[in-house]
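Colleague: I have a model open and want to learn how to read it. Could you take me through it feature by feature?

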Amino acid sequence: MPLFAKQVLALIRKDILQELRTRESITAMLVFAVMAIVMFNFALRLRVDSFLPLTPGVLWVTLVFAGTLGLSRSMSSEQINQCMDGLLLAPADRSVIFLGKAITNVLFTLAVSVILIPVMAILFDESLMQAGVWLVVLLGVVGYAGAGTLIATMAASTRAREVFLPILLFPLALPLLVAAVIATSGFLDQLPLSEFASWIGVEVAFLVIFWTAGTLLFEFLVEG
Amino acid sequence: MDALLTATNLGKLYGMRPVLKGVSLSVTRGEFVAVLGANGAGKTTLLRILATLTRPSAGSLRIAGVDALAHADRARALIGMVSHQSLIYPDLTARENLEFFGRMYGISDSEIPASDSTIDTTSLQNPKSRIEDALRRVNLWQRRDDFARTFSRGMTQRLTIARAILHDPPLLLLDEPFTGLDQTSAANLSALLRETAMRERAVIMTTHELSRGLDGVTRALIIKAGRIEHELAAGFTPDLLANLMDSSAAVATSNLQS
């Protein structure tokens with residue numbers, strides 16, 4: 001296996017080991033996400049008869065907010081004891097750090113999604129458990145983690161990183177959010193794929209742009 | 001002897017403010033160079049540039065013949081760094097920390113034991129892996145499976161040294177390594193650093209303290225306002241250093257002596 005891949009795997013393994021020890025990221029994300037959809041469920045039930053038009057929006061807003069919690073913790077864990085310097089001292093391309101962190105963020109957010117979506121399917125009585133929805137979630141989570149890891153790195157060196165991260169990330173992630181909501185709606189409404197395939201294309205484009213940008217620009221972010 | 005590290009006219013601007021001005025430095029193997037100066041003199045900026053953590057605004061840097069600005073990845077394999085921050089993950093054990101950094105430094109898997117493997121604890125003379133060797137050198141082998149967060153400041157600093165020497169780098173950079181250590185821990189660390197430096201390495205250490213860690217130093221550079229103002233060969237006294245440094249360092253020395 002090439003050294004580059006070994007270094008990325010080492011970073012992912014380290015982050016998973018830390019998460020197993022502390023249970024800080026996934027637990028926080030999961031508790032937040034489940035609480036959010038329970039509250040949405042009660043709040044919306046008072047005014048609407050059918051959740052169907054609202055389900056994709058609720059799902060994605062919840063995933064985006066929960067994902068942001070994980071992103072923030074992912075980078076802040078490297079601020080303890082200046083561990084980021086330890087990573088930067090390693091004879092590795094800077095993109096190793098971006099890829100390791102971004103892949104970990106994808107895994108953590110997907111782990112939350114795997115629990116969140118069935119819970120939401122029960123609470124909202126919607127057919128969320130279908131391959132198309134999972135595809136949209138996978139693409140959306142990967143894209144969001146790519147952009148989020150990049151922005152979280154920028155925000156990590158600031159004092160108000162908890163505030164800066166959503167301020168910088170949410171406007172940037174808006175196209176992804178819109179595309180994911182429309183594509184999820186398409187599958188839930190059982191529309192022909194041709195009617196919303198372009199929105200899946202937007203998700204893919206977002207993913208490619210931010211993972212490429214992260215790989216290329218990470219060096220300038222951490223050394224700037 | 002060929003220089004292991006050659007820095008030429010290094011400069012660094014933060015915005016419009018120069019913090020390092022035309023610093024040139026050449027260090028050979030076996031040298032233990034102390035860079036002294038008051039807080040804000042530019043010591044840490046210099047060390048971060050030498051460690052390739054910060055890019056200089058001007059100048060060049062070569063480490064063991066490698067252009068460290070153009071090929072930073074290759075240069076980093078030649079550098080070990082200890083700073084007053086440990087760079088250690090508190091929720092991992094001492095061994096897990098070193099396993100992680102070993103993998104990041106490309107140390108082969110055969111030199112990294114599996115975490116759950118049984119390691120012969122009686123083999124004091126023949127360590128089975130780089131990790132075992134590094135932990136034994138800093139006297140932490142018996143605590144290898146303890147979480148780093150349970151370590152005292154002195155033990156954490158020893159683990160930091162184990163991390164820094166794990167890949168056997170020829171150049172060791174120490175940034176204020178004695179900060180926060182009590183007298184005993186500082187004395188132990190000083191002895192450990194001297195022993196480490198004697199292994200055909202070059203060591204560059206920044207400090208603003210004149211009372212600790214200067215045993216074994218072969219050359220002292222005094223940096224002031226981003227420039228190297230004085231260079232002293234071995235045999236200098238703390239009083240001489242204090243006279244050459246700014247008043248704040250002199251005050252610190254007199255306080256310690258009293």
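Colleague: How many residues has helix α1 of chain A, and what span is expected at 1.5 Å a residue?

Modeller: Helices (H or I, at least four residues) and strands (E, at least two) are DSSP runs, numbered from the N terminus. The expected span of a helix is 1.5 Å times one less than its number of residues. Helix α1 of chain A, residues 3–22, has 20 residues. From first C-alpha to last it reaches 28 Å, close to the expected 28 Å. This is a predicted model: local features need pLDDT of at least 70, side-chain atom pairs count only at pLDDT 80 or more, and totals for chains, interfaces and linings use all residues. Residues are numbered from 1 along each chain as its sequence is written, while chains are lettered from A and ligands numbered from 1 in the order in which they are written.

Colleague: Which residues of α1(A) are buried?

Modeller: Count neighbours. A residue is buried if 20 or more other C-beta atoms lie within 10 Å of its own, exposed if 12 or fewer, and partly exposed in between; C-beta atoms are placed from the backbone. In α1(A) the buried ones are A:Q7, A:V8, A:A10, A:L11, A:K14, A:D15, A:Q18 and A:E19. They cover an arc of only 165 degrees around the axis, so they lie on the same side of α1(A). The arc is that of the directions from the helix axis to the C-beta atoms. On the face turned away from the buried side, A:A5 and A:L20 are exposed.

Colleague: What covers the buried residues of α1(A)?

Modeller: Look for contacts: two residues are in contact if their C-beta atoms, placed from the backbone, lie within 7 Å. The cover includes α2 (25–45) and α5 (94–124) of chain A, together with α3 (94–104) of chain B. After α1(A) comes A:R23, with a positive phi near 50 degrees.

Colleague: What is the secondary structure of chain A?

Modeller: Eight helices and zero strands. Buried residues make up 47% of its 224 residues. Its C-alpha trace spans about 55 × 35 × 35 Å along the principal axes. For contacts between residues at least 6 apart in sequence, 81% join residues at least 24 apart.

Colleague: And why is α6(A) largely enclosed by the rest of the structure?

Modeller: Because 20 of its 26 residues are buried. α6(A) reaches 36 Å from first C-alpha to last, close to the 38 Å expected.

Colleague: Which residues have the most contacts inside the largest nonpolar core?

Modeller: A nonpolar core is a set of buried Ala, Val, Leu, Ile, Met, Phe, Trp, Tyr and Cys residues joined through C-beta atoms within 7 Å. The largest one here has 142 residues, and B:L50, B:I63, B:A162, B:L173 and B:I204 have the most contacts inside it. Helix α6 of chain A (residues 131–156) gives the largest share of this core, 14 residues. Leaving out residues up to four places away in sequence, B:L50 touches B:L5, B:A7, B:L61, B:L173 and B:I204.

Colleague: Now chain B. What is its secondary structure?

Modeller: Eight helices and 10 strands. Of its 258 residues, 45% are buried.

Colleague: What is the order of strands in the open sheet of four?

Modeller: Read the pairs. Two strands pair if DSSP finds at least two bridges between them. In chain B the order is β2-β1-β4-β5, with antiparallel pairing. β2 (17–27) and β5 (66–67) stand at the edges with a single partner strand each, so one side of each has no neighbour in the sheet. β4(B), residues 58–63, joins β5(B) through two bridges. There B:I63 stands opposite B:V66.

Colleague: Do β3(B) and β9(B) run parallel or antiparallel, and how many bridges join them?

Modeller: Parallel, with four bridges between β3(B), residues 32–36, and β9(B), residues 219–224. B:V33 stands opposite B:R219. β9(B) also pairs with β10(B), residues 227–233, in the antiparallel sense over six bridges. There B:I223 has B:I228 as its bridge partner. This hairpin has two residues between the strands, and B:A225 takes a positive phi near 50 degrees.
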